[in-house]
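Hi there,

Here is the structure I promised to pass on. Have a look at it first, and my notes follow below.

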Amino acid sequence: MQSTRERSKVRPRAGWMVMGERGRPSALEVCRVLAVLFSLFPTVSLQCKILKCNSDLWAFNSKSGPEEDFCIALRAYDNCVRRTARTCRGDLTYHSAQHGIGDLMSQHNCSKEEPTSLPRARTPLPPPPPPPVLTSQEPGSGPEGCRYEHSLPRNAPPSNYTHCGFFGVPHLRTFGDDFQTCKVEGAWPLIHNKYLSVQVTNSPVVPGSLATATTKLTIIFKNFQQCVDQKMYHAETDQLPSAFADGSKNGGDRHGANALQVEEKVLGQHVEIHARYIGTTIVVRQVGRYLTFAVRMPEDVVNSVEEGDNQDLYLCLHGCPTNQRIDLDSFRARAGSRSSAGPRGFTYQSAKAKCKERLPVEDVYFQSCVFDLLSSGDINFTMAAYYAFEDVKMLHSNRNRYHLFKGNAGSALSGASQRSCAALSAFLLNFIVLLWTGCCTIHL
């Protein structure tokens with residue numbers, strides 16, 4: 001049987017595998033990693049000023065020097081990245097760099113407590129700290145320990161699973177079942193916690209319109225104990241891969257690697273990612289030219305906030321910023337008052353009839369379909385709304401919350417809540433009638 005000491009051996013994360021397990025990484029290898037990050041997130045990387053940190057590390061690595069000098073450069077790089085935390089929060093390049101630093105420092109036995117500038121006299125580095133001891137609430141290194149359900153305390157109540165969906169022009173259903181229609185052009189973070197990060201990039205559907213839709217999606221699964229290596233999944237329009245960015249379909253070479261798997265359901269159209277070590281299922285689809293996203297995640301994983309991160313930027317948790325929201329009710333009122341076809345070829349009535357073919361219940365998914373047809377004229381958005389609702393039925397833990405309806409104030413109500421409100425209204429109406437009848441009888 002493999003010993004605990006052997007299982008605790010630190011392995012490099014997938015995102016930095018080109019560095020190798022031993023020896024000094026070459027300048028070419030460091031450059032390749034940085035080039036991949038910049039190609040995936042060029043705009044955001046420049047905005048958050050992480051370019052300077054990466055270029056300094058690459059410049060140092062292009063020179064030859066002792067191993068301890070490389071450790072000093074890594075610590076300086078770590079400090080530089082930390083200084084960008086405020087402006088880079090939500091940037092996947094920044095978070096990838098954070099975790100990549102830890103890998104390189106572990107591979108080269110670098111201490112985080114030593115100087116960050118080159119000393120004149122060299123002293124031997126202390127031995128690396130011992131591996132952390134797993135507690136009873138942390139998944140272990142074996143396959144059983146890399147299953148979310150087995151990592152919970154024995155007498156813990158059943159986990160509460162939540163759902164977030166992002167589809168269409170785009171429409172967002174948050175973990176709290178709030179439903180919003182948003183502008184959010186460009187790169188936006190959907191999820192960021194201790195275990196994974198999700199970012200989407202939205203592009204205009206038609207010139208001059210506020211309507212956007214998702215053309216890129218990136219998911220980073222972070223290195224997790226002895227279960228999985230760091231993995232990245234990246235999809236774009238007409239490129240829905242059936243594997244992670246490194247070509248693998250599971251969590252790497254670790255003992256519990258199969259706790260993370262990519263499964264292709266329909267070639268080029270439907271992929272599911274199962275992260276069993278955190279009880280999470282992700283569904284990615286391409287419908288027409290655009291991508292959709294849906295996730296089922298335990299509530300404690302949703303709220304596993306990293307230190308110093310208040311999560312206020314992440315759409316699945318807090319919704320779209322107020323200035324990025326579109327009032328669907330106002331749009332529907334304006335569209336309903338027009339009898340002629342809009343600029344995209346659909347009238348309000350013809351859009352409703354088309355959406356009714358797939359979505360017979362006039363809930364928020366039906367209304368989203370109508371909005372998308374009127375905004376874009378792209379009939380594929382009918383199927384995007386349909387599949388979004390199918391994902392709700394597959395991923396949401398409460399069947400009474402599948403359908404959401406817009407109240408007069410614009411807030412989404414579930415079917416059960418709407419029925420409760422109707423019953424309460426009927427009761428109050430009957431009570432008022434009885435009270436009024438009694439008063440009239442006494443008066444007479």
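**What I found**

Helix 12 (residues 348-356) packs against helix 13 (residues 364-376) at an angle of about 130 degrees, and their axes are 9 Å apart. Axes here are lines fitted to C-alpha atoms over the stretch in contact, with angles from 0 to 180 degrees between N-to-C directions. The two helices are therefore oblique to each other (under 35 degrees is roughly parallel, over 145 roughly antiparallel, 65 to 115 roughly perpendicular, the rest oblique). In helix 12, Y348, A351, K352, K354, C355 and K356 meet F366, Q367, C369, V370, L373 and L374 of helix 13, where contact means heavy atoms within 4.5 Å.

This is a predicted model, so to speak of local features I needed pLDDT of at least 70, and 80 or more for side-chain atom pairs, while totals for chains, interfaces and linings use all residues. Residues are numbered from 1 along each chain as its sequence is written, and side-chain values use heavy atoms, without hydrogens and water.

Next, the strands. Strand 6 (residues 212-221) and strand 7 run antiparallel, joined by six bridges (pairing takes at least two DSSP bridges). T218 stands opposite H234 in strand 7. Five of the six residues of strand 7 (residues 231-236) are buried, so this strand is largely enclosed by the rest of the structure; buried means under 20% relative accessible area, with a 1.4 Å probe and protein chains only.

Finally, a loop residue: S304 sits between helix 9 (299-302) and helix 10 (315-318). Helices (H or I, at least four residues) and strands (E, at least two) are DSSP runs numbered from the N terminus. S304 has 9% relative accessibility, so it counts as buried. Beyond its neighbours within four places in sequence, S304 contacts N193, K194 and Y195.

Best wishes

Notes: Buried means under 20% relative accessible area, exposed over 50%, partly exposed in between (1.4 Å probe, protein chains only).
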